[in-house]
Amino acid sequence: MPDLSKMKKPDVKVVLLGDMNVGKTSLLHRYMERKFKDTISTVGGAFFLKQWGPYNISIWDTAGREQFHGLGSMYCRGAAAVILTYDVTNWQSLAELEERFLSLTDTANHDCIYALVGNKADLTDPRAQLPPEAAGLPEDQTEEERTEPRVPSACPTPPASPTSPSGALLHKQVAGEDAAALYGRILRYKGLDEKGSLPAEKMCFETSAKTGYNVDALFETLFDLVLPSILRKRHENQESPTVDLEDFRGVGTKRARSTCC
Ligand SMILES: Nc1nc2c(ncn2[C@@H]2O[C@H](COP(=O)(O)OP(=O)(O)O)[C@@H](O)[C@H]2O)c(=O)[nH]1
Ligand SMILES: [Mg+2]
């Protein structure tokens, strides 16, 4: 049982949404713990706190409730960013995002940012099979320290590969263009002007929680993008008569280890 008195107050909320088994928990685990396990239970890991510069970002996983169609609108309430996750080898998982999960984002912030994430890219794309170490990058290295550009990350994507008899590569069911098209429909659903919004090339990712491919890029791109939302919230709080002493406490470095609740 965590000591609630020691928990830092989150400045902003980021939410992972998507069908069961697409790899939401694995993505979060990979980013926070730098590890991948074949089976990890979502139960008990409902939200993590990540320190990002002087800010605390809460990242919400679904605690397995998606399998019961039991994610209420509360889940996305006040979210500054939503990570809509699908499995690149499963077309239906992309369709479900539109059919089942998009409406849950109605309670997110009006300036909420949406990322579309095709996970399990290691199953279809040889590039995503390389672990960060194989590319000469320590897993803990920050995106800022990398010499390669962070974006474009994944969308559009390389052509689909046929299933190999050895099982090395699976058929890719969701092309980058399909994800980009859905991103456009999400913007329209939100009543947002495509020209004034973040472009699909920046907000569609393909990741592998298994190898770590693009995982840091995904989370850290989003963290940078939600900073204005944090500053706006702080400004609103300053205008209110309540002073939050937590806001004035010194905090550590940018990539200090996070706390799981
Ligand atoms: N090959 C591969 N398998 C993955 C990846 N991410 C998750 N998985 C596997 O997919 C299954 C579901 O993952 P999980 O994180 O529990 O999905 P969730 O239900 O969306 O939280 C597990 O067996 C994972 O090991 C990935 O990037 N690549
Ligand atoms: Mg899960």
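Predicted model: local features only at pLDDT ≥ 70, side-chain atom pairs only at ≥ 80, totals over all residues.
Residues are numbered from 1 along each chain as its sequence is written, while chains are lettered from A and ligands numbered from 1 in the order in which they are written. Local features need pLDDT of at least 70 and side-chain atom pairs count only at pLDDT 80 or more, whereas totals for chains, interfaces and linings use all residues.

Visitor: Why is strand 4 largely enclosed by the rest of the structure?

Guide: Strands are DSSP runs of E with at least two residues, and helices are runs of H or I with at least four, numbered from the N terminus. A residue is buried if 20 or more other C-beta atoms, placed from the backbone, lie within 10 Å of its own. Strand 4 (residues 81–87) is largely enclosed because the buried residues number seven of the seven.

Visitor: Which residue of strand 4 is the bridge partner of Val14?

Guide: Strands pair if DSSP finds at least two bridges between them, and strand 1 (residues 12–18) pairs with strand 4 in the parallel sense over five bridges. Within strand 4, the partner of Val14 is Ala81.

Visitor: Which helix belongs to the β-α-β unit with strand 4 and strand 5?

Guide: Strand 4 also pairs with strand 5 (residues 113–119) in the parallel sense, over seven bridges, Thr85 having Val117 as its bridge partner. The unit is right-handed, meaning that the path from the first strand over the helix to the second runs clockwise with the strands pointing away from the viewer. The helix in this unit is helix 2 (residues 91–101).

Notes:
Buried ≥ 20, exposed ≤ 12 C-beta atoms within 10 Å, placed from the backbone.
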